[in-house]
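With the model open in your viewer, please follow this tour one selection at a time. Each stop says what to pick and what can be found there.

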Amino acid sequence: MERAELLALAAREKEGHRPCRIRCCMAAGCLSANGGDVHKALVKTVQTDGLKDEVEVTPVGCLSWCGAGPLVQVDPAGTMYRNVKPDDAASIVRAARAEGAATAAEVDRKHPFFTRQLPIVLENSGLINPERVEDYVAAEGYQGLFRAVLELTPAEVVQEVTTSGLRGRGGAGYPTGLKWATVAKMPGASKYVVCNGDEGDPGAFMDRSVMESDPHRVLEGMAIAGYAIGAAQGFVYVRAEYPLAVSRLRKAIDQAKKLGVLGTQIFGSPFDFRVDVRIGAGAFVCGEETALMASIEGRRGTPRPRPPYPAEAGLWAAPTLINNVETFANISPILRRGGAWYASIGTEKSKGTKVFSLTGKVRNTGLIEVPMGTPMRTIVEEMGGGVPDGTVKAVQTGGPSGGCVPADLLDTPVDYESLVKLGSIMGSGGMIVMDQGTNMVEVARFFMEFCMDESCGKCTPCRAGTVQMYRLLTRIVNRQATDADLNQLIGLCNMVRETSLCGLGQTAPNPVQSTLRYFEKEYRELLRRPVAGAGG
Ligand SMILES: Cc1cc2nc3c(=O)[nH]c(=O)nc-3n(C[C@H](O)[C@H](O)[C@H](O)COP(=O)(O)O)c2cc1C
Ligand code: SF4
């Protein structure tokens with residue numbers, strides 16, 4: 001595939017569309033709300049009404065407002081309909097041809113939920129058919145790979161990523177350019193690129209949506225990384241609970257190979273790169289990089305001590321670059337538009353945008369992408385529309401490794417450092433809104449139960465400590481605990497944090513510590529008071 005062929009394909013594709021396009025969300029959220037039948041009904045209506053030359057029904061990825069699905073968008077007008085039923089199909093087709101009104105409710109596209117978004121990772125989401133590489137190519141897909149492979153040296157690609165200021169979106173926020181430079185410098189004939197699509201945080205669905213809505217973007221990011229670090233093989237690790245993401249990634253890999261943008265001699269250059277999918281069984285700990293690599297190698301997915309880091313000795317002891325799905329999804333636009341462009345978005349230390357899955361007690365739930373530094377209040381109250389009948393009590397970020405930010409601190413900008421200062425973390429992007437009726441000790445107990453269940457048991461502090469902390473939290477919730485129990489819980493938090501082998505145990509106390517920091521009164525109110533006169 002030459003660049004001229006890529007551009008010709010893109011041009012053909014753009015011209016080939018009908019004047020009117022009905023985009024129907026076929027990501028997991030809308031599919032679970034009967035979106036598949038809506039799509040079928042729309043296709044059938046267009047066929048039976050003989051409108052195939054005029055109206056096109058395109059299955060697309062996530063249209064963002066997941067809580068209101070199934071969603072359908074009619075273009076070029078850009079009208080979006082929510083909670084669409086198969087029975088609405090005929091009226092939507094009529095409305096698309098300006099021959100009447102649709103029976104489904106129209107979505108206000110001027111709502112901050114949409115207008116506050118800055119789609120970079122999600123720029124194609126809801127617009128292209130994720131199962132057609134031609135759609136991706138028409139949206140400038142694989143142009144970043146082209147520029148990398150034919151116009152830049154591997155070192156220049158690493159430099160572009162470094163200039164962008166991109167930091168890992170998998171949780172820790174490690175500078176991506178620095179990680180790539182480290183792996184690139186490692187000696188070794190075989191190196192690997194691994195995409196972490198394990199996404200185990202409760203309430204998080206950003207990575208699933210990216211893989212389902214724009215799988216080629218992830219593959220392109222991986223291929224650019226392969227060129228930059230000198231790897232010829234990549235693996236995408238996806239949990240088995242994401243079957244749609246798995247099938248779309250597999251389809252995308254086949255199409256990319258046929259097109260010549262994956263495989264051997266990409267764009268006629270000496271660069272070879274192939275990608276395979278590996279499926280995880282859904283253990284949360286398998287998202288931890290050393291456990292994930294053990295799992296890919298066919299061993300039990302348990303973490304090991306670092307060093308050596310994957311960059312030095314990863315898959316089959318070879319230097320390995322491991323990045324998150326969203327991290328890779330940022331790479332193509334960075335290569336197309338330049339690292340400096342990306343670095344102009346966001347804050348001083350947190351560049352670009354971040355995708356969040358906004359859930360919990362909030363009016364508008366779904367997937368949003370905002371510039372780093374956007375105040376949490378803007379996200380929750382303006383975009384999310386606040387709590388339906390009441391007010392926000394706290395917002396949980398970062399999943400089981402994160403913490404709860406109380407309502408009076410919602411003006412905090414969302415960036416890596418600010419959230420850590422508040423005792424939480426950005427994490428991978430789950431954002432759960434809690435209302436005044438939420439019992440914060442229950443919240444801490446929920447996350448502790450999750451960590452206890454997901455602990456792999458390899459090291460004692462985490463294996464036994466999470467059980468002990470869960471028991472103490474249960475005693476508190478049941479009003480059976482005393483001051484001494486609470487003090488023991490606090491002591492255990494510090495011990496488990498300091499002595500656990502991997503991030504799961506090291507961060508398991510976070511939800512307890514952050515709820516204690518802001519809501520200690522709630523813990524104390526649940527404690528059993530000594531009976532007056534007892535023991536005298
Ligand atoms: C218990 C645990 C679970 C993790 N789960 C994920 C995950 O699901 N996805 C992910 O990208 N990173 C996860 N991580 C972080 C990875 O170990 C690793 O840091 C990340 O994939 C690196 O990519 P990045 O630099 O692009 O963020 C997890 C870490 C721990 C300790
Ligand atoms: S900290 Fe927990 S999950 Fe991590 S190795 Fe130890 S027991 Fe396993």
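Begin by selecting ligand 2 and the shell of residues around it, which in this predicted model divides into eight nonpolar, four polar and one charged. There are 13 residues around this ligand, and those that come nearest are Cys456, Lys458, Cys459, Cys462 and Cys502.

Which part of lysine 179 lies 2.9 Å from an oxygen atom of ligand 1? It is a polar atom of the lysine 179 side chain, whereas in glutamate 199 a backbone N or O atom lies 2.9 Å from an oxygen atom of the ligand. For threonine 327, look again at the side chain, where an N or O atom is 2.7 Å from an oxygen atom of ligand 1.

Select the open sheet of four strands whose order is E8-E7-E6-E9, and follow the strand directions to see that the pairing is parallel. At its edges are strand E8 (274–280) and strand E9 (320–324), each of which pairs on one side only. If direction is ignored, neighbouring strands of this sheet are turned against each other by 20° on average. Zoom in on strand E6 (residues 192–197), which runs parallel to E9 and is joined to E9 by five bridges; within this pair, valine 193 has leucine 321 of E9 as its bridge partner.

While E9 is still on screen, select the loop between helix H13 (289–296) and E9, where proline 307 has its place. Arginine 306 and proline 307 are joined by a cis peptide bond with omega about 0°. Proline 308 lies in this loop between H13 and E9 as well, and the peptide bond leading from proline 307 to proline 308 is cis, with omega near 0°.

The next stop is a group of helices.

Select helix H7 (residues 143–151) together with helix H11 (residues 215–229), whose axes come within 9 Å and cross at roughly 10°. Because of that crossing angle, H7 is roughly parallel to H11. To see the contact itself, show Gln143, Gly144, Leu145, Ala148 and Val149 of H7 along with Glu220, Ala223, Ile224 and Tyr227 of H11; by class, these are six nonpolar, two polar and one charged residues.

On the H9 side the contact is formed by Trp180, Val183 and Ala184, which meet Gly221, Ile224, Ala225, Ala228 and Ile229 in H11. The residues of this contact between H9 and H11 divide into seven nonpolar, one polar and no charged.

Select the open sheet of five strands, which has the order E2-E1-E3-E4-E5 and mixed pairing. Strand E2 (55–60) and strand E5 (105–106) stand at the edges with a single partner strand each, so one side of each has no neighbour in the sheet. Inside the sheet, look at strand E3 (residues 72–75) and strand E4 (residues 79–82), which pair in the antiparallel sense over three bridges; here valine 72 has tyrosine 81 in E4 as its bridge partner.

Helix H3 (residues 35–48) lies across strand E1 (20–25), E2 and E3, and runs at about 165° to E2, while helix H4 (residues 89–96) lies across E1, E3 and E4, running at about 145° to E1.

To finish, select asparagine 83, which is found in the loop between E4 and H4. The phi angle of asparagine 83 is near 45°, which is a positive value in a residue other than glycine.

Terms used
Residues numbered from 1 in each chain as written. Chains lettered and ligands numbered in written order. Predicted model: local features only at pLDDT ≥ 70, side-chain atom pairs only at ≥ 80, totals over all residues. Heavy atoms only, no water. Near = heavy atom within 4 Å. Nonpolar A, V, L, I, M, F, W, Y, C, P; charged D, E, K, R; others polar. Axes fitted to C-alpha atoms, helices over the stretch in contact; angles between N-to-C directions. Helix = DSSP H or I, 4+ residues; strand = E, 2+ residues; numbered from the N terminus. Parallel < 35°, antiparallel > 145°, perpendicular 65-115°, else oblique. Contact = heavy atoms within 4.5 Å. Pairing = 2+ DSSP bridges. Polar contact = N/O pair within 3.5 Å; in protein donor to acceptor, adjacent residues only side chain to side chain.
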